[in-house]
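Take a look at the model below. We start with a metal site and then turn to the nonpolar cores.

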Amino acid sequence: MSLDIDYYELLEVERSADDATLKASYRKLAMKYHPDKNPGCDDSEARFKAISEAYDCLKDPQKRAAYDRFGKAGVNGGAGGFGGGNGGDFGDIGDIFESIFGSAFGGGRQQRGPARGADLRYDMEIKLEDAFAGVTREIQVDVAARCDTCDGSGAKPGTQTNRCSTCAGHGKVRAQQGFFMVERTCPTCQGAGEVIADPCNSCHGEGRVDRRKTLTVNIPAGVDEGTRIRLSGEGESGARGAAPGDLYIFLHMARHKVFEREGTTLFTRAPISFTTAALGGEIGIPGLDGRMHDIAIPAGIQSGKQLRQRGAGMPVLNGRGHGDLVVQIDVETPTKLTARQKELLCEFRETETGDECPASQGFFGRIKEMWDDLTE
Ligand SMILES: [Zn+2]
Ligand SMILES: [Zn+2]
């Protein structure tokens, strides 16, 4: 849709229309093409802006005269134009959009009265054992808390707060913007509707003072790095008795000397002797549940093999059951041998046929073939 339409046509009035007719027609069309009434319709929005632009010009007798003689060039700062800056007069349209459509377009939440207190963050490190079983911890936080002297009102005890004269106690002031009535938070009382005549000495009228609070935090079993725990209403108290914010505990996991963790899976590496690897056996891995888990090692196990103990891992947060404990086997080659042990191993070597280690035999078989091919 071309918006380069004559202003009078846009407003659907005669060129001789008087101010009242202009205003009435503009009001009617503005309602009709209001983006709020035509959500998602770009044409309507463009039309609405064009209508506003046209009315903005024609309501001003000087601009209207210029428009009548020179067209848009006369209004928009072209040669011989009036009013200077291009589009400078339309700033208030943006304001109207914001004030009226702000909430409808998903803007900030509607706020009444003094501001709610800020949310706070507290970082806490916990041990894997505590994450396994759950734990209760006490923490101390310095928080802006409700002033006891004035009970959060900000006024000196025994004195009264006065109704705000700017907003007559409504907390909001209304202002005319074009045809629209715009409501704003009262600048004098910041929305409280009351002003303090005699401020409380303890909090200087803020209604809150910094105070060290001791809080008990219940940490459920299964929490992990980054888990947040919300303590509702334990953040900063709001100004002059408004609702407090929340306190968020951000959990961090301390390194554990044996286990690593991936979700509910506990993981560890267990180096075993080559004799255990060859002959088989059993190793004991203590679980976080305080029980010893006997892990059977099958004879002939190789390095890198993972053995899984079902249900011996971390508990599921807010759920049931546990993950697994995974033990990865590393076969350790002995580095300190006695003369007697060496003797035994030499004796063992003399009995080797190659069949004991099929992977090794296969590999060296392939190497020999490759060499034979190359040297043929
Ligand atoms: Zn106070
Ligand atoms: Zn006020």
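This is a predicted model: local features need pLDDT of at least 70, side-chain atom pairs count only at pLDDT 80 or more; totals for chains, interfaces and linings use all residues.

Four donors count as tetrahedral if all angles lie between 85 and 135 degrees.

The zinc ion (ligand 1) is held by four cysteines. Its donors are the SG atoms of Cys147, Cys150, Cys200 and Cys203, at 2.3 Å. The 4 donor atoms subtend angles of 103 to 116 degrees, so the arrangement around the zinc ion is tetrahedral.

Now follow the donors along the chain. Their spacing reads C-x2-C-x49-C-x2-C. Cys147 sits in the loop between β2 (135-146) and β3 (161-163), while Cys203 sits in the loop between β6 (194-196) and β7 (208-219); the pair therefore ties together parts that are 56 residues apart in sequence.

Are these two cysteines buried or exposed? Buried means under 20% relative accessible area. Cys147 has 1% relative accessibility, so it counts as buried. Cys203, at 4%, also counts as buried.

Next, the nonpolar cores. The largest has 35 residues. Ile249, Ile283 and Ile329 have the most contacts inside this core. Which strand gives the most to it? That is β9 (residues 247-253), with 4 residues.

Another core lies apart from the largest one. This other core has 21 residues, among them Ile5, Tyr7, Leu10 and Ala30.

Terms used. Residues are numbered from 1 along each chain as its sequence is written. Chains are lettered from A and ligands numbered from 1 in the order in which they are written. Side-chain values use heavy atoms; hydrogens and water are left out. A nonpolar core is a set of buried Ala, Val, Leu, Ile, Met, Phe, Trp, Tyr and Cys residues joined through side-chain atoms within 4.5 Å. Buried means under 20% relative accessible area, exposed over 50%, partly exposed in between (1.4 Å probe, protein chains only). Helices (H or I, at least four residues) and strands (E, at least two) are DSSP runs, numbered from the N terminus. Donors are N, O and S atoms within 2.8 Å of the metal (3.2 Å for Na, K and Ca); water is not among the atoms, so sites may look incomplete. Four donors count as tetrahedral if all angles lie between 85 and 135 degrees; four count as square planar and six as octahedral if opposite donors are over 155 degrees apart and all others between 65 and 115; anything else is irregular.
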